[in-house]
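Thanks for passing this one along. Here are my notes, as numbered points, to read with the structure open beside you.

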Amino acid sequence: LDFLLLFIYFVLEGFAGGLRTQALLFAVFLALYMVTVLGNLLMIIVITLDARLHSPMYFFLKNLSFVDLCYSSVIAPNALANFFSSSKVITFAGCATQFFFFSLLATTEGFLLGVMAYDRFMAICNPLRYPITMCQSACTRLLLGAYCGGCFNSVVQTSFTFHLPFCSSNRINHFFCDVPPLLQIACGNTAINELLLFGICGLIIVAVTIVILISYGYITVTILRMRSGTGRRKIFSTCGSHMTAVTLFFGTLFVMYAQPGAIESMEQGKVVSVFYTLVIPMLNPLIYSLRNKDVKEALRRLGQKHTTM
């Protein structure tokens with residue numbers, strides 16, 4: 001049976017419209033993906049090369065850029081190829097693999113945003129203990145914990161989703177393999193899958209949001225006690241960037257996965273999916289570079305070094 005599953009295929013219907021609409025969508029997807037790749041690669045290179053950015057905060061930011069780069073790359077190239085494809089076919093194994101890595105990386109990003117909030121809490125509220133608490137080994141363990149959490153969710157969602165019988169249709173009303181459109185074409189009982197989807201994703205979103213809110217609650221109190229206006233502005237700039245990224249990411253995930261009725265509204269789901277698979281990974285490096293003085297100075301130094309060579 002497992003051998004036969006390799007030859008089952010799905011058809012990714014993508015977006016409706018004629019050749020003109022498909023060409024326009026192709027151009028939009030390509031532009032978003034190119035900016036995503038260039039922006040996140042630039043962040044990784046700058047943080048790696050600039051010794052002044054070798055701190056826990058930028059260690060996590062570099063890994064956030066890596067995750068953004070990877071999980072947009074799981075979706076975008078196949079979506080781009082399908083815009084002008086007549087078949088738009090993806091194998092059962094290919095669909096399961098795409099969903100596994102997408103779920104792994106998207107969940108890891110959620111946990112990573114929580115870890116970054118904790119890092120800011122320790123840096124601002126416990127500055128004397130910060131070098132010990134957030135040492136290199138501690139940062140590595142937190143990063144591995146984020147990946148383990150992502151892997152757990154991905155294994156559960158993938159195994160339960162792809163053990164369903166898909167006998168009613170093989171046409172997925174989406175531009176990539178995701179749980180809601182797959183549950184729509186399953187001909188078995190999907191109640192447990194929906195419970196797992198809303199339950200686990202809702203729990204992750206709520207848990208990480210609580211960590212972020214508690215961290216920023218303490219940070220806000222600490223900032224208000226500061227006498228230095230310069231220090232306040234710098235912290236507000238750094239924390240503001242992070243809160244913008246958190247709001248965009250978790251807001252779209254909640255709309256897509258953590259509320260009842262998300263499975264039925266797939267046309268809305270496609271638009272939301274474009275936002276968190278391409279727009280947010282594109283915006284994150286812009287948010288962190290434009291509002292972060294240290295990153296802007298590092299970019300300037302890298303530019304000066306390149307021009308003098």
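1. Where is Met57 found? This residue is in helix H3. Please keep in mind throughout that the model is a predicted one. Met57 has a relative accessibility of 13%, so it counts as buried, the cut-off being under 20%. Have a look at Asp119 as well: 62 residues separate Met57 and Asp119 in sequence, while their C-alpha atoms are 6.7 Å apart in space.

2. Asp119 takes us to the salt bridges. By the rule used here, the count comes to three. One of them joins the side chains of Asp119 and Arg120, with N to O at 3.1 Å. Are these two partners buried or exposed? Asp119 counts as buried because its relative accessibility is 1%. Arg120 is buried too, with a relative accessible area of 13%.

3. Another salt bridge is formed by Glu13 and Arg171, whose closest N and O atoms are 2.9 Å apart. Glu13 lies in the loop between E1 and helix H2 (19–49) and Arg171 lies in strand E3, so this pair ties together parts that are 158 residues apart in sequence. As for accessibility, Glu13 is at 31% and therefore counts as partly exposed. Arg171, at 43%, also counts as partly exposed.

4. Arg301 and Asp50 also meet through their side chains in a salt bridge, at 2.8 Å from N to O. Here too distant parts of the chain are linked: Arg301 belongs to helix H11 (residues 293–308), Asp50 to the loop between H2 and H3, and the two are 251 residues apart. Asp50 is buried, its relative accessible area being 10%.

5. Now the sheet. What is the order of its strands? The sheet is open, has three strands in the order E2-E1-E3, and its pairing is mixed. Strand E2 (89–91) and strand E3 (171–172) are at the edges with a single partner strand each, so one side of each has no neighbour in the sheet. Strand E1 (residues 9–12) and E3 run parallel and are joined by two bridges. Within E3, Ile172 is the bridge partner of Leu12.

6. As background, most residues other than glycine have a negative phi. Lys88 sits in the loop between H3 and E2, and it counts as buried because its relative accessibility is 15%.

7. Helix H6 (residues 136–161) passes a simple length check. Its 26 residues, at 1.5 Å a residue, should span 38 Å, and the end C-alpha atoms are 37 Å apart, which agrees. The buried residues of H6 include Leu143, Ala146, Gly149, Gly150, Asn153 and Val156. What do the buried residues of H6 pack against? Their partners are helix H3 (56–83), helix H4 (92–125), helix H5 (130–133), helix H7 (179–185) and H8.

8. Last, the surface. Val206, Ile210, Ile214 and Tyr218 make a nonpolar patch of about 400 Å². Tyr218 is found in helix H8 (residues 191–225).

Technical notes:
Residues are numbered from 1 along each chain as its sequence is written. This is a predicted model: local features need pLDDT of at least 70, side-chain atom pairs count only at pLDDT 80 or more; totals for chains, interfaces and linings use all residues. Side-chain values use heavy atoms; hydrogens and water are left out. Patches are made of residues with over 30% relative accessible area and no salt bridge: like charges are joined within 9 Å, nonpolar side chains (Val, Leu, Ile, Met, Phe, Trp, Tyr) within 5 Å. Accessible areas come from the Shrake-Rupley method with a 1.4 Å probe; for residues, only the protein chains shown count as cover. A salt bridge is a side-chain nitrogen of Lys or Arg within 4 Å of a carboxyl oxygen of Asp or Glu. Helices (H or I, at least four residues) and strands (E, at least two) are DSSP runs, numbered from the N terminus. The expected span of a helix is 1.5 Å times one less than its number of residues. Buried means under 20% relative accessible area, exposed over 50%, partly exposed in between (1.4 Å probe, protein chains only). Contact means heavy atoms within 4.5 Å. Two strands pair if DSSP finds at least two bridges between them.
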